[in-house]
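My notes follow, in the order I looked things up.

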Amino acid sequence: SKASAHNGCLLYDAGMTECYSAYLTLGGGLRKAIEEGQFELYYQPKIRSTDEYAVGAEALLRWHHPEWGMIPPDQFIPVAEESGLILPLGEWVIRRACQHIQEWQSLGLPPINVSVNLSGRQFLQHDLVDIVQGILTETKIDPKYLELELTESMLMSDAHETIKKLHAFREMGIMLSIDDFGTGYSSLAYLKKFPIQSLKIDRSFIQDLGVDSDDDAIVKATIAMAQSLNLKVVAEGVESRSQMNLLTNYQCQEVQGFLFAKPMSSTDFVEYLNNRGPD
Ligand code: C2E
Ligand code: CA
Ligand code: CA
Ligand code: CA
């Protein structure tokens, strides 16, 4: 039977994606995982280049599976997306991030901006705007501290509906950014049609900064053009001081990467912010 094939599959490393898929589609496995608190949000600081203080964070989902250990998001998110379970999971992510923003502020930490990744299917959800509004009302946070990270492909599908949705978020006061910039087919000129405030240059362009002169040119030009369009630029995946030096020269406003910090639990992030947060 299907079920026993899936059960057998759980024993192997190969084809694990199909195992997760099987697991997730089995009677509310994902909802159970949410209820049992197997998911956690980690936070990776966003560092301001001028003084290297943390001025924001990106929420990154972690699944602590009781048997399989930590499962990386790249492996279960596409599967959750396929099964539609990304909708309750994605809603949980937004709610949890807003609760953390609220919690950190009540601890007296300097308020910072927290960004949350949206998946394609989640973005297409017709009542997404109402869901986010409900979470903001529930957690009573100032919407300007919440940022939604979108990808270029999400914007390409249905420009009219997309623009309407983005304007609704902007009217609520939420910040919008483009993730993995440079990996899609859009141009900055095209993106300017959308009410976005920042873009994140994909790690693949940062990796060989200072080594591959094409990447140097692309990153430098992207930052310059984004600035002329009044968009903030965040560089992803900064791992070395030499990459950082180049990005500072190019006047990239913010960076994220292992050079500064890996994603960490909310508890660890509170401690991090106490030491490296803005005044
Ligand atoms: P992303 O949005 O591009 O997130 C950045 C990824 O790069 C994170 O991986 C982060 O840990 C990693 N990273 C950060 N700095 C460095 C660095 O200096 N070097 C290297 N090698 N990697 C770095 P992570 O947490 O495994 O997430 C992978 C992807 O999963 C994310 O890519 C995002 O697309 C997706 N994801 C994570 N959380 C969520 C979520 O809550 N919802 C949705 N829809 N997707 C999520
Ligand atoms: Ca992201
Ligand atoms: Ca990214
Ligand atoms: Ca990525």
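This is a predicted model: local features need pLDDT of at least 70, side-chain atom pairs count only at pLDDT 80 or more; totals for chains, interfaces and linings use all residues.

Is Asp-180 buried, partly exposed or exposed? I found a relative accessibility of 24%, so Asp-180 counts as partly exposed.

Asp-180 sits in strand S6 (residues 175-181), while Glu-236 is in the loop between strand S8 (232-235) and helix H13 (241-249), so I'm noting a link between distant parts of the chain, 56 residues apart. I checked Glu-236 too: its relative accessible area is 12%, under the 20% cut-off, so Glu-236 is buried.

**Calcium ion, ligand 2**

Next I went to the calcium ion (ligand 2), which is coordinated by Glu-58 (OE), Asn-117 (OD1), Glu-149 (OE) and Asp-179 (OD) at 2.2 to 2.3 Å. The spacing I wrote down for these donors is E-x58-N-x31-E-x29-D. Glu-58 in strand S2 (residues 54-65) and Asn-117 in strand S4 (residues 113-117) are 59 residues apart, another pair linking distant parts of the chain. I have Glu-58 as buried, at 5% relative accessibility. Asn-117, at 27%, goes down as partly exposed.

**Between the two ions**

Which residue bridges the calcium ion (ligand 2) and the calcium ion (ligand 3)? I get Asp-179, and the two ions lie 3.7 Å apart.

Methods
Residues are numbered from 1 along each chain as its sequence is written. Chains are lettered from A and ligands numbered from 1 in the order in which they are written. Side-chain values use heavy atoms; hydrogens and water are left out. Donors are N, O and S atoms within 2.8 Å of the metal (3.2 Å for Na, K and Ca); water is not among the atoms, so sites may look incomplete. Helices (H or I, at least four residues) and strands (E, at least two) are DSSP runs, numbered from the N terminus. Buried means under 20% relative accessible area, exposed over 50%, partly exposed in between (1.4 Å probe, protein chains only).
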